[in-house]
Each structure stands twice: as C-alpha cells, then as structure tokens.
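Dear colleague,

Please find the structure below. My findings follow it.

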Amino acid sequence: MDLLDNLTLGFSVALSFQNLTIGPVATIAMLLPITFHLPPTASLIMLAGIYYGAAYGGSTTSILVNLPGEASSVVTCLDGYQMARNGRAGAALSISAVGSFFAGTVGTIIIVMFAEPLTRMAQKFGPADYCSLMALGLVAAVILASGSVVKAIAMIFLGLLFGLVGTDVNTGAQRFTFDLPELSDGIDFAPIAMGLFGIAEIVVNLERHLTRTGGTIKVTSLWPTLEEVRRAVPAALRGTFLGAALGVLPGGGPTLGAFSAYTLEKKLSKNPGQFGKGAVEGVAAPEAANNAAAQTSFIPMLTLGIPSNAVMALMVGAMIIQGIQPGPEVMTKKPDLFWGMIASMWIGNAMLVIINLPMIGIWVKLLTVPYRFLAPAILLFCCIGAYSLQNSTFHVMQVAAFGILGYIFVKLGCEGAPFLLGLVLGPQMEEYFRRAMLLSRGDAMVFLQRPISLGLLITTAVLLILMALPSFKKAREKAFVEEEG
Amino acid sequence: MNRFLSKDFLSGLMFIGFGLIALYFGQKLALGTPVRMGPGYVPRMLSLTLLGLGALVCIIALVGGSDPVERIKLKPITLVTIGIVCFGLLFERAGLIPALVVLIMIASLAGEEFKLTEVIGNIIVLSVLCTLVFKVGLGMNIYILRGVW
C-alpha cells in the first residue's frame, strides 16, 4: 500500500514539525525537496499528508501550550487553552479531533461531488477566460492579506515578475537570467519558498528570542462529558458547512473558515460571555471549519489549477516540478493521481485521529526542545534539501538570497503569500495572455467580449471596489485586529 | 519619528526599485506587437505597473501615515546568511560534516544563548542523523567527508 505509506510518512513528519510550532507553509517548503525523489502521485499524496498533519497538529499545541503553529489555529487557542487550564484538555483534544474528522469527511464528499462538473466547465475555458480567472484568483487572495491592499497587489506583481525569470517559452530568449545558466529554467520554486517562509521565519524568531513558556498541561481523560458533546455537535456541524463554503472561494481557506466559525458561534450563543473562558463551541466550530476549508480549498486547485492560498501555491509548484500542469486535464489525463489524492484525503483524516490522540504524550515532550537547538537544525535541513533539488550549491545560495528578501518583506510588513501566488501563476498567466491576444489579433477587447471572461473580470472589479470602500475597509481591519488580539 | 522611515513608504521604494531593475535589464528584450508579443512585452507591462503601484504606496504612506519600521537586529540575519553561504561553499568541496559543523556553529551564534557543550552535542546528533538519513537512507550522492567517504 504505497498510498498509506506515503501518507503515514507525510503525517509523521508534519506532526512532529508542527509540534515544534513551525507553520504549515514553512514545513511544506522545507519538505518539498524530499518529495521530488518520489513518483508524482506519491509525492502529492505525501504533501497533502503534510498539509493535513500541519493543519491538525496546530490544534494540539494550541490547546496544550497556547502556541498556535499557524494562523488557522489562533482561534483554537482562545477557548482550547482555557479548557485545558480548567482540566478539560483531553476533552478539548478529542472534540477537536472528532470534529476535524467529521468536517474532513464532509469536505472530501464535497470535492467528489463538485470536481467533475467544475472540471467540465473549466474545459470550456479559452485562453482569455483563464487569464481573467487567474486575475480574479490573485485579487481575491489579497482580501486575506492583512494590511494595505495596494501593497498586497504590488506584491502580486512582484511575484509575477520573478515568475518571468528564465527562458521565454515562445521565443527562447533569456530573460533576467544575468547570463547564469542555472537561471535559464527559471528560479526554482522550492528555494524561494524555503527562503521566504523558512529562513525568514527562523531569523524573526531568533530576533524575538522565542521562549516557550506556559506550563505543560497534563492530559487526563480524553472523554468529553455528555453536556460537552451536546454543545459541541451542533457547533461542529455549523463550523463544517461554513468552513466548506469559505474554503472553495479563491482567497479563502482554513484561516478565514476558522475565524468566521468562531464569530458565528459567539453571535449564536446564549451566553457569549463564556467565549474566551473555555467554551466548548469555541473549540468545536473553528476546528471543524478549518478542516473543512482545508479540504475544499483543493477544489479550485485541482479543477482549475488556481491556488487559493499559499499552501495550495506550494502544491501547484510541486505539481509543475513533477511535470503535471494543474488544471482540468489532471482529472481526465491522470485519473490515478486525481482520485488517489482524494482517497488519500479521507484516509488521511481518519488516520490523523488514530495517530494523534495516543501520541499526545510524545508531542508534549517534543515541545520542550529549546529553540536554540531547533533553529540550526531547521537551517541545516533547508540547506541539504535545497542542494538535493538538482545537486547544486547554487540552490543553497538562492535560499540565502531569498532568506534576506523574506526578512525584508517581514520588516516592511509585506505579505509573502500574494508574492508566492503571483510567482506560481506568472508563467501560465503570461502564456494565456499572449495566446488570447494572438487569437484575437491583438485586440484586448477579447477579454470583455467572451462572456465567461467578462463575468470573471466584473467580479474582480467588484472585489477591488469593495476593498476600496471605507465601510468594507473598516470591517476588514476589524477582522484582522480580532485575529491578532 | 521620521515619516520617510515608515514600513509603507519603504515598501513603496522597494517596489519602485524592483520595477526599475526589471525595466533596466528588460530593455534589450524585443517588445514585439500586441499580436505577436516579443519576450519583452509582458515584463515591460509588469514593471511599469509595479512602478506605478510603488509610487502609489509611497504617496499613501506619506499622506495617510504608516507604522514605523521595527528596529532591525543585524546579528541574526547576517549570521544565518553567512552560515548558509558557508554551507554552500563547503558542501561539495569538503563534504557534509565540515559544512554542517560550520553552519551549526555560526547559526548557534545567531541566538541569544551560546553554550559550547550544547552546540557540540547538537552537531554530533545532527551529523549522525543526516548521515543516516541522506547518505544511508535516501542514498544521496554526497560526500560525508571528502576524500574519506
């Protein structure tokens, strides 16, 4: 059973990294090189395993030590850690595990239902439609970036520019390669991701000399009380459906799902004062929502080839490196890969519950490893990983260079995610743009004449206008303030 | 606080800088026509847009104000970068172990605490682990210590 082996490997790696509180994007970036030595299906299944493992491990550390490994677990900290302090750590962990599993199952069913019709729709898309779809995807991603919208859009364009480095496919001309033969295939995606997310994160943590405080909490019984179950079930159900719906949106994903689910529960609750003091609903709903969204955010990536968040951008990058062009053809031409991944999703969700709960003791131990041991070790794995991409030290140097760039981004408050999305979509977008213009004999009106393209562009424009509106701006800022608080 | 040293104003300058670099190095690329675009068409479009956006970010920052840049600590970023570069230089020439020792030493210096015994312990554990995983396990074609293994 290759599928199981790869999944297990992905999980065990992801869970251990996650329990060292390294975010999923950094984890996946670091592990990308390992997967290149595997056949495509196996490598993608492993990456998907890492993704779930990371999404899931984050809740364990949130509940036990109040350290969210990633943005989507931040809300779980609010009530999860409080539950743990009230002696309900075991109950919080099992509620989040079962809720996540249920949400994951629903998410997988939704993928199966929507994959085929969406793929069929996508096959009708012409080059102009694709170009507009990508524009929509990129702009939608900006909503999620905190801080200035203009800055996030500029980051997209910067990413698009970096994506152009290399040989021009149509003419063979070298672009921005500075006569370096290593750059003629473009800048490799993995060193960029490692530098921007891995190295920069380590440096910032070293600066803030991250200390692990918060006494470790003893886990007694994993069984929730009847009362807790009664309150958790409806919350998990609502969380699942809200998360699943938000995950499909371009720019959506686990974080958005978790935050919205938490807000919804707080609004629906008869005594909202309980939230933040260990409310069961405050754990069940966001945990279910972030898992459901983690699942459904695969839909735009698998059917249309449009990544909706940074993790999906990494998956697209991994597929391209494996020689698979993400998009509607994946399902028709590589059914084994497509359905293998979907099957792995469900098995993965079930396995996480089985693996994670009994091993909580080990995760707690891992958390006591001090950062001064970890940081050099992570750097080392990044370096060896980068080298192993093409057995070239040039890639190691790229990691160093993008580490500096990533550090600058952090210091200037520029988000890495829009940059990464632009970088991944850049080459394809140029290709579709040029093809569309060639087909229309240079008439840019083609983007407005095709109904699909026009619809997508109007949506993009509406989003842009909404983001510029003062009232929407305020709501968006408020959402991010809550996130930080 | 100097308003020119705000996060947003400096970001704007960074975008303008990248836009200018792309314009300069892209100037020799043929533009072509909208029907048959040359290799330089899209880069030119993107770099001009980036210039515009950069200017916009700067203006918004000056008019609306923005947070000042956090104080930068040069030590961690410099040492981490030097560590990685040293690793890159040593890895093929000397082998995994020497590269690893130098990287871990330099990277450990970047942190707040540095205890030699701990760092040596870390080096030994990581050397054994990496040799087992990458050389023995994954069978990568690398030198552990050049000339020896």
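How many residues does the contact take from chain A and from chain B? It takes 53 residues from chain A and 59 residues from chain B, two residues being in contact if their C-beta atoms, placed from the backbone, lie within 7 Å.

The model is predicted: local features need pLDDT of at least 70 and side-chain atom pairs count only at pLDDT 80 or more, while totals for chains, interfaces and linings use all residues. Residues are numbered from 1 along each chain as its sequence is written, and chains are lettered from A and ligands numbered from 1 in the order in which they are written.

On the side of chain A that touches chain B, two or more residues each come from α6 (149-163), α7 (189-207), α16 (371-390), α17 (393-411) and α18 (416-439) of chain A. Helices are DSSP runs (H or I, at least four residues), numbered from the N terminus. The largest share, eleven residues, belongs to α16(A). By class, this side has 34 nonpolar, ten polar and nine charged residues; Ala, Val, Leu, Ile, Met, Phe, Trp, Tyr, Cys and Pro count as nonpolar, Asp, Glu, Lys and Arg as charged, and the others, Gly among them, as polar.

In chain B, helix α3 (residues 74-94) and helix α4 (residues 96-110) have axes (lines fitted to C-alpha atoms over the stretch in contact) that come within 8 Å and cross at roughly 175 degrees, on a scale from 0 to 180 degrees between N-to-C directions. α3(B) and α4(B) are therefore roughly antiparallel to each other, a term for angles over 145 degrees. Their contact residues divide into 18 nonpolar, one polar and one charged.

Yours sincerely

Technical notes: Angles under 35 degrees count as roughly parallel, over 145 as roughly antiparallel, 65 to 115 as roughly perpendicular and the rest as oblique.
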